[in-house]
Amino acid sequence: MKIILLLLISFIPACTLSAQMVRGIVWGVSPKGEKTPLAYSSVHWHGTPAAVVADSNGRFSIPPPATWPATLMASFVGYGSDMREIPNESVFAELFLHEGATLDEIRITGRQAGLYNSRLTQLKTEVITAAGLQKMACCNIGESFENSASISVGYSDAVSGARQIRLLGLSGIYAQMLEENRPDMRGLATPFGLSFTPGPWLESIQVAKGIGSVLQGYENITGQINLEYRKPATPEPLFLNLYLDRFGRTEANAASSLQLSERLFTSLLAHASIDPMKVDNNHDGFMDEPVKQQINLANRWLYMAPNGTALRFGIKGLYEKRDGGALDFDASRPRDTVQYGTGIENTHINAYVKAGIPIADTVTNIAFIADYTFHDIKSFFGLKAFDGTEHTANFNVLFQSKSGRHHDYMLGAGIRWDSYRQGLRDVWFPASGTGRQEQYIDLDRDETVGGLFGEYTFSHADRFWFVAGLRADYHSLYQWLITPRATLKYNITGDLILRASAGRGFRTANVVTDNIGILATGRQIVIDELPVIEDAWTYGSSVAWYFPLFHDDRASLVLDFFRTQFTNQVIVDQEDDLARVHIYNLNGPSFSNTYQIDFSVMPAERFSIMATFRYTDAQTAYRNRPARERPLNDRFKAVLNLQYATRMNIWTFDFTAQLNGQTRLPDFAVTNGARYSPVYPLFFVQLTRKFRSLDVYLGCENLFNYTQRDPILLAATPYNTGFNSSVIWGPLMERRIYAGLRFTLFK
Amino acid sequence: MKKTITWVLCSLFLTAGMAGVQAQTKKNVAEVTFTVNMNCHNCKKKIENALPHEKGVVDLKVSLEKKEVWLKFRTDKTTKASLQKALEKLGYTVTEKADDATAKPAEATKP
């Protein structure tokens, strides 16, 4: 009935057309370049405010302008805008709106490539689609990167289960995590942030390498990882996912999108998981992963006002508990040197409001973004204990407009307030035999940062884009921070795309949480000097070539190079002194060069091949020593992914092979002269069967059971200064067989 | 290790090959293209979710741009009419597209 009504409504304007009306259609263009009619966008003549709204098929008719030729403009929430010069009324106008920065757009569905290099973005961007998120178990976003060579995922230590990523050869702390283009999982949430977002909640992940926009602040140094959630306006009233694996991990995810009225939408996301089993496959007496429980809830809202204003707000909350350490650890007993255990409790709350308000001529927008984050961490690693509480509040206002066809600009102002109350109770037993030593390190910090920023985009003929951005922030601890950034994209031909970017980024280190693995050692932690804000420049370029090959008219080959160079970096040094971890500011060079090549082709219908290789050269000058290769940083990673689906995707087979390069072992971990960790392969397979509304999948991670042997140094004596569980270069968990199901209810 | 990779690759290609052979040997297979009044990606998703599990459907392609649904089906198990009904049940207006290439799909659904 609704459909018939809609149809009727959509044809009414067609019937009432007079001969002079200018007719046309508005297309929405997805990041993959797929175009579909875009319903209900706003269309008007440049210079006149009177707008008409396109119908549900994207078609519109508008009274002619006063003079010919005239410029017709179209825009829609979540999309960019478009303008075309129309010579006279006999022309059928076609306008194309590209999915824009606010991204509440219609998405590509059906069978997608799991991971592709986006053609449309200014920066070199890898998009991990919903299909890519379903290739692996993807309990959390850490696992969704197994198909990507850009990102390496590893453990920070052998006891906390904290996963860390590396992007451009540097720790994940230098990549900015964004939740729908809003900074997220920063501060104290950083070490466990990857496990705080359930994969089934997401629609896609975009990994933009290199320096990005100044809009999200100065904190991105190596890139941005943007998480797009399932949208409130998606007509899927219910999505359910259940997962179980051989180690007893049990996980349930639910997502529900509901339309409450014509203009009000909401989504409810829930996750609960438990890792109940104490697993010790390497028989060192320590659990390979902690016993974990997590509960995670989010509620998101979208209100579309009649004047085009889009109001988005939401809240999410999380509680997680991890208990690790020795198998026989009894948490109810007082903590002493007889047993070694770890306990980590995280509580996280985030609330946000975003409002985008179009102004009269529809190419001008004002946006307000406000958010608040609370994070609390309580932890102990043996006798060491670290507790921290963070409050962060953020407010930004943005003004966006364009002048003529070629010039877009954005101006904004923002203020951020960070309050950290954190303290480390460090306990160690010196080798000299002087007995238990104890020290309390106060790491409280308050920061207020206020800034102004602007970004200018010059575009020419849909082929050339140049973006220049600048921000000036006043930081309560470090005074003025000036962040210049620039990106360039040139479509030499439609199939050959050149990109380049350069710019500066800053970041305040949270020395303990950024390096949570140092707590899982027997060493004394020494902060030699007050950490200064980290300051780095990143520049790089990439060339993407799309060409026909076999069955595929869009095979791609992408080459890129990026370099990050630190002006200041907070160094965590375990090699200078065998009894201590030293933390100090960089005094010398520190850089990382990354080269990567990606190739993808679909040689037959429903069969895709993706191959990628990355090489990294990362060096840092440690105190009293010349620059040398950073420890535990993989030199290369190669990934081959094959996917085949039978007709109508009834069965889908996924196979991923990785070859992980050697890493330099820290001097104290060198045994039998082996200064490098071995090169090792990892294999992943997954089989998915599609039924009506239901997908059932079965898979295996680490198919050939490769694990790092003896990941903990001196595991038998955890209170010895030589005890160290932070020397991790390989997998800790054995072959993981898993099964799950996904249920989708369509409206 | 190499052996396993070869094995996985071979089995992938074999499955692909076999699927192809299967389709060619079936003689009682027909094709039909419907014009469907869908206008969003979710409509496409909805059709791709439901139609593969209709009795007798062998293959399916949905083009949102052309507003067309192409189906390959077993004539001994289903008919064009019942496929059309299955699409209509999802809430769409459906018309069979004539074989004549000049047929205008956009006009077909006009009331």
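Begin by selecting residues 238-245 and 736-745 of chain A, which are strands β18 and β44 and which pair in the antiparallel sense over eight bridges; strands here are DSSP runs of E of at least two residues and helices runs of H or I of at least four, numbered from the N terminus, and two strands count as paired if DSSP finds at least two bridges between them. This is a predicted model, in which local features need pLDDT of at least 70 and side-chain atom pairs count only at pLDDT 80 or more, while totals for chains, interfaces and linings use all residues. Residues are numbered from 1 along each chain as its sequence is written, with chains lettered from A and ligands numbered from 1 in the order in which they are written.

Within this pair, Tyr243(A) has Gly740(A) of β44(A) as its bridge partner.

Next, colour chain A by pLDDT, the predictor's confidence in each residue from 0 to 100: the chain averages 87, and 92% of its residues score at least 70. Confidence is highest in strand β36 (residues 580-585) of chain A, at a mean of 96, and lowest in helix α1 (residues 2-15) of chain A, at 40. Where pLDDT is low, the predicted coordinates should not be read in detail.

Finally, move to chain B, where four strands form an open antiparallel sheet in the order β2-β3-β1-β4, with β2 (57-63) and β4 (94-96) of chain B as the edge strands. Select Phe34(B) and its bridge partner in β4(B), Glu96(B).
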